[in-house]
Amino acid sequence: MRFLFLPALALLAAPATAAPQKPTPAKPGTVRVRLTTSEGPITLALDTRHAPKTSANFLAYVDDGRFDGTDFYRAARGKKAPKFGFIQGGIRTDARRILPAFPLETTTQTGIRHLDATISMARGSEPGSAGGNFFITVGPTPAMDARPGYLGYAAFGHVVGGMDTVRRILAKPTGGGLDAFKGQMILNRVALISAKRLDGMPKPTSGPRPWLMQTRPTQPRAR
């Protein structure tokens with residue numbers, strides 16, 4: 001993680017009685033989430049007004065701690081423009097962390113397009129198969145928007161801080177993978193250490209948390 005250190009003279013010049021600055025409140029209809037990664041922080045603004053179901057799903061993963069200890073595992077770069085593409089993270093196929101499926105909110109329904117710094121849900125071939133995996137775009141990716149005969153992906157917010165972190169992750173060495181993932185798997189782990197909401201009260205689900213259960217080491221049998 002990278003920290004910003006102010007020069008010592010600037011610190012000395014600050015008034016001793018200055019009150020700490022309060023964080024800027026979120027705009028109405030948005031909830032901010034901070035992702036802490038091994039490459040630095042990323043701050044998201046979820047559009048709960050236009051994409052309520054998709055935002056609620058993501059916040060459930062956040063409030064339950066289901067993203068904590070996962071990773072960013074995919075960096076898909078354009079062949080002709082490798083500084084653009086998207087990064088993907090989340091629970092992968094960890095069934096212990098997954099929540100029930102929810103309906104797909106298309107870009108035609110929400111009006112949220114896949115522009116630069118957009119966060120959207122990854123999914124399988126079925127429209128309602130999105131769950132605990134998501135991606136963040138670097139540069140516009142209109143091919144992921146809905147169009148006649150194609151439902152596209154559910155965009156539900158954008159990055160408001162930490163795009164430098166997103167770009168660092170996109171630039172990571174990649175390889176391996178199969179089919180659409182071929183050559184796009186990040187080789188050296190980028191940890192998603194924690195995901196925390198910055199606005200409003202957490203609303204954890206009542207479901208079990210089996211991923212937190214530690215497996216006891218097997219004790220050797222006495223002879």
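## A buried arginine and its surroundings

Let's start inside: Arg97 and Asp94 are both buried, buried being under 20% relative accessible area, exposed over 50% and partly exposed in between, with a 1.4 Å probe and protein chains only. This is a predicted model, in which local features need pLDDT of at least 70 and side-chain atom pairs count only at pLDDT 80 or more, while totals for chains, interfaces and linings use all residues. Residues are numbered from 1 along each chain as its sequence is written, and side-chain values use heavy atoms, with hydrogens and water left out.

How far can you trust it? The average pLDDT for the protein is 88, and 84% of the residues score at least 70; pLDDT is the predictor's confidence in each residue, from 0 to 100. Be careful with residues 1-22, where pLDDT stays under 50. For that stretch the model has six contacts beyond four places in sequence, a contact being heavy atoms within 4.5 Å.

Back to Arg97. Look for this residue in the loop between strand E4 (85-90) and helix H3 (107-110); helices (H or I, at least four residues) and strands (E, at least two) are DSSP runs, numbered from the N terminus. Its relative accessibility is 9%, so Arg97 counts as buried. Setting aside neighbours within four places in sequence, Arg97 is in contact with Tyr61, Gly65, Arg66, Phe67, Asp68, Gly69, Thr70, Ile91 and Trp211.

Arg97 also forms a salt bridge with Asp94, with the closest N and O atoms 3.2 Å apart. The term means a side-chain nitrogen of Lys or Arg within 4 Å of a carboxyl oxygen of Asp or Glu. Asp94 has a salt bridge with Arg96 as well, at 3.0 Å between the closest N and O atoms. Asp94 sits at 19% relative accessibility and so counts as buried, whereas Arg96, at 41%, is partly exposed.

Asp68, one of the contacts of Arg97, has a salt bridge to Lys196, where the closest N and O atoms are 3.5 Å apart. This pair links distant parts of the chain, 128 residues apart: Lys196 is in strand E9 (residues 185-197), and Asp68 is in the loop between H2 and strand E3 (70-77). Lys196 is partly exposed, at 46% relative accessibility. By this rule the count comes to 12 salt bridges, and Glu39, Asp164, Arg168 and Lys172 are linked in a network of them.

Two backbone spots deserve a look. Arg92, in the loop between E4 and H3, has a positive phi near 55° though it isn't a glycine, and is partly exposed at 41%. Ala117, in the loop between H3 and strand E5 (118-121), also has a positive phi, about 70°, but Ala117 is buried, at 7% relative accessibility.

Now for the nonpolar side. In soluble globular proteins, nonpolar side chains tend to be buried together. The largest nonpolar core here has 38 residues, of which Phe58, Phe72, Phe134 and Ile136 touch the most other members. Helix H2 (residues 52-64) gives the most to this core, with five residues. A core is a set of buried Ala, Val, Leu, Ile, Met, Phe, Trp, Tyr and Cys residues joined through side-chain atoms within 4.5 Å. Beyond four places in sequence, the contacts of Phe72 include Leu35, Ile42, Ile87, Phe134, Ile136, Ile169, Ile186, Val190 and Leu192. Another core lies apart from the largest one and has five residues, among them Ala76, Phe86, Ala122 and Met144.
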